[in-house]
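Please brief me on this chain. Take the overall build to begin with, then selected helices and residues.

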Amino acid sequence: MSASERDRELADAVRLRERGTPEGAEAARTRLVALAARWPGDARIAYQTAWAHDVLGLEAAAVPYYERALADGASPGLPADDRCEALLGLGSTYRVLGRYEEAERTLRRGVADFPDHGGLRAFLAMALFNTGRHDESVRLLLELLAATSADPTVRPFRTAIEAYAKDLTGTV
């Protein structure tokens, strides 16, 4: 199979998954597993294969594909947007599987690389909660709330929320 045929098959499988139906997702997963076997070093195929497993609730099966997609030296590498989403997907998947420390490490890596991505910060907060880092978890969520809320009852208190988030146990 040529690279152009690979790219066409990848695009077709992604379109199937994007239909949003269980049948489309399963057909996409089947095609992507075959592509991943044929192109094991292709990060884009690995990422899409992970995603297809995730949407079907097959989180444990998604993990090796996410890991392969994010591996150093995967070729071709993931574009930044896909890499960000792969880090979020892997971190979230680790968390739902109870692999909290791996989730935290992966999501911290994502936040370090993509500090403005609110979804990564929200999922990191969940992983921090799971690892017992409750203060840091709430701090992250409060900072995210202050930075992103359009709620007219929250916006006037943005500065106070940001200040209190830094020290939730502080009193005067």
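What follows is a short briefing, grouped by topic.

This is a predicted model: local features need pLDDT of at least 70, side-chain atom pairs count only at pLDDT 80 or more, and totals for chains, interfaces and linings use all residues. Residues are numbered from 1 along each chain as its sequence is written, and side-chain values use heavy atoms, with hydrogens and water left out. The chain has nine helices and zero strands. Helices (H or I, at least four residues) and strands (E, at least two) are DSSP runs, numbered from the N terminus.

**Overall build**

- From the N terminus on, the order of elements is α-α-α-α-α-α-α-α-α.
- Along the principal axes, the C-alpha atoms fill a box of roughly 70 × 30 × 25 Å.
- Of the 172 residues in the chain, 37% are buried. Buried means under 20% relative accessible area, exposed means over 50%, and partly exposed lies in between (1.4 Å probe, protein chains only).
- The accessible surface comes to about 9,300 Å², and 55% of it belongs to carbon and sulfur atoms. These areas come from the Shrake-Rupley method with a 1.4 Å probe; for residues, only the protein chains shown count as cover.
- Among contacts between residues at least 6 apart in sequence, 49% join residues at least 24 apart. Contact means heavy atoms within 4.5 Å.
- The chain carries 22 positive and 26 negative charges, and their mean positions are 2 Å apart. Lys and Arg count as positive, Asp and Glu as negative; His and the chain ends are not counted. Each charge is placed at NZ of Lys, CZ of Arg, CG of Asp or CD of Glu.

- Helix α5 covers residues 80-96, 17 residues in total. Its end C-alpha atoms are 24 Å apart, in agreement with the 24 Å that it should span at 1.5 Å a residue. The expected span is 1.5 Å times one less than the number of residues.
- The buried residues of α5 are C84, A86, L87, L88, G89, L90, G91, S92, T93 and Y94.
- Cover for these buried residues includes α3 (43-55), α4, α6 (100-113) and α7.
- A69 lies in helix α4, residues 59-70. A69 counts as buried because its relative accessible area is 5%.
- A69 and A46 are 23 residues apart in sequence, and their C-alpha atoms are 5.0 Å apart in space.

**E104 in helix α6**

- E104 is found in helix α6. Its relative accessibility is 8%, so E104 counts as buried.
- The side chain of E104 makes a polar contact of 2.8 Å with the side chain of R133. Another polar contact, of 3.3 Å, joins the side chains of E104 and T131.
- A polar contact is a pair of N or O atoms within 3.5 Å; within protein, one must be able to donate a hydrogen and the other to accept it, and residues adjacent in sequence count only if both atoms are side-chain atoms.
- Not counting residues up to four places away in sequence, E104 touches L124, A127, L128, T131 and R133.

- A125 sits in helix α7. With a relative accessible area of 1%, A125 is buried.
- Beyond residues up to four places away in sequence, A125 touches S137, L140 and L141.
- A125 and R31 are 94 residues apart in sequence and 35 Å apart in space, C-alpha to C-alpha.
- Helix α8 has 15 residues, 134-148, and reaches 21 Å from its first C-alpha to its last. That is close to the 21 Å expected at 1.5 Å a residue.
- The buried residues of α8 are S137, L140, L144 and A146. They pack against α7 (118-130) and α9 (158-166).
- E143 is also in helix α8. E143 counts as partly exposed because its relative accessibility is 24%.

**The loop between α8 and α9**

- S149 lies in this loop. At 13% relative accessibility, S149 counts as buried.
- The side chain of S149 reaches the backbone nitrogen of D151 at 3.1 Å.
- Leaving aside neighbours within four places in sequence, S149 is in contact with L144, V154 and R155.
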